[in-house]
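Welcome, and please take a moment to look over the model below.

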Amino acid sequence: MNLKSGLKVLSDWRNKILAFLVVTIVAIMVVTVLWQVFTRLVLKSPAVWTEESSTYMLMWCGIVGAAYAYGKKAHVGMEYFAYKLGTRHRRILEILISIFVGYFAFQVMFIGGISFSRNAFVNRQTSPTMGIPVGYLYLCLPLSAIFILSYSIEFIFEDVSFLIRELPK
């Protein structure tokens with residue numbers, strides 16, 4: 001197995017893991033919201049924990065889903081201008097974008113997310129309704145950052161490999 005096929009296997013596994021996480025979170029969130037509606041309308045005694053848990057699951061779904069979308073190259077981008085460039089210049093632009101995205105993921109999401117989580121655990125911050133440590137909420141940031149960083153490295157490798165292959169002989 002060469003490096004390129006190894007990266008492909010890694011990418012497939014990351015996509016499956018992230019897709020499974022997002023689908024699972026959404027499924028649990030749907031069941032939670034349905035339970036809230038059922039308890040409010042039928043039992044006339046709403047479950048108070050459902051709103052807070054749904055909010056937390058929505059945050060996790062959004063952040064983990066962003067990592068998944070980045071890996072599938074389905075994130076928001078200004079492709080109109082990029083495709084006005086030639087193939088070589090577009091690849092160089094994509095390398096720069098991957099570097100910036102990787103830097104942001106590392107500095108803000110990974111370092112900042114770990115800092116948020118650590119501070120929340122040290123200060124014993126808990127959610128108001130469920131009483132669970134809020135640090136778990138912030139762990140979605142460094143987790144997603146790891147995935148985004150790995151995708152950024154893969155994209156840089158692919159683009160640099162392309163540019164090397166296209167060098168004039």
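## The second largest pocket

The residues lining the second largest pocket divide into 2 nonpolar, 3 polar and 6 charged. Here Ala, Val, Leu, Ile, Met, Phe, Trp, Tyr, Cys and Pro count as nonpolar, Asp, Glu, Lys and Arg as charged, and the others, Gly among them, as polar. You can find the lining at K4, L7, K8, S11, D12, N15, G71, K72, E154, F157 and E158. Helix α1 gives the most to this lining, with 6 residues, and α1 and α6 each supply at least two. The space inside is about 150 Å³.

On a 1 Å grid over the protein atoms alone, a pocket is an open set of points where a 1.4 Å probe fits, with protein on both sides within 12 Å along at least five of seven lines, and lining residues have an atom within 4 Å of a point. Grid points are joined across faces, edges and corners, and a volume is the space filled by probe spheres set on the points. Helices are DSSP runs (H or I, at least four residues), numbered from the N terminus.

## About the model

This is a predicted model, in which local features need pLDDT of at least 70 and side-chain atom pairs count only at pLDDT 80 or more, while totals for chains, interfaces and linings use all residues. Residues are numbered from 1 along each chain as its sequence is written, and side-chain values use heavy atoms, with hydrogens and water left out.

## The largest pocket

The largest pocket has a volume of about 430 Å³. Its lining has 16 residues, and those closest to the pocket centre are K73, H75, E79, E94 and I97. By class, the lining holds 7 nonpolar, 3 polar and 6 charged residues.

Which helix gives the most to the lining of the largest pocket? It is α4, with 6 residues. Helices α3 (79-82), α4 (87-122) and α6 each supply at least two residues of this lining.

## How α1 and α6 pack

Helix α1 (residues 3-41) and helix α6 (residues 140-165) have axes that come within 11 Å and cross at roughly 150 degrees. This makes α1 roughly antiparallel to α6 (angles over 145 degrees count as roughly antiparallel, and those under 35 as roughly parallel). Axes are lines fitted to C-alpha atoms, for helices over the stretch in contact, and angles run from 0 to 180 degrees between N-to-C directions.

On the α1 side, L3, L7, S11, R14, N15, I17, L18 and L21 meet L143, F147, S150, Y151, E154 and F157 of α6; contact means heavy atoms within 4.5 Å. These residues divide into 9 nonpolar, 3 polar and 2 charged.

Helix α2 (residues 49-71) packs against α6 at an angle of about 5 degrees, with the axes 9 Å apart. The two helices are therefore roughly parallel to each other. Among the residues making this contact are W60, I63 and Y70 of α2 and F147, Y151 and F155 of α6. By class, the contact has 13 nonpolar, 3 polar and no charged residues.

The axes of α1 and α2 come within 9 Å and cross at roughly 160 degrees, which makes α1 roughly antiparallel to α2. The residues of the contact of α1 with α2 divide into 18 nonpolar, 7 polar and no charged.

Notes. Parallel < 35°, antiparallel > 145°, perpendicular 65-115°, else oblique.
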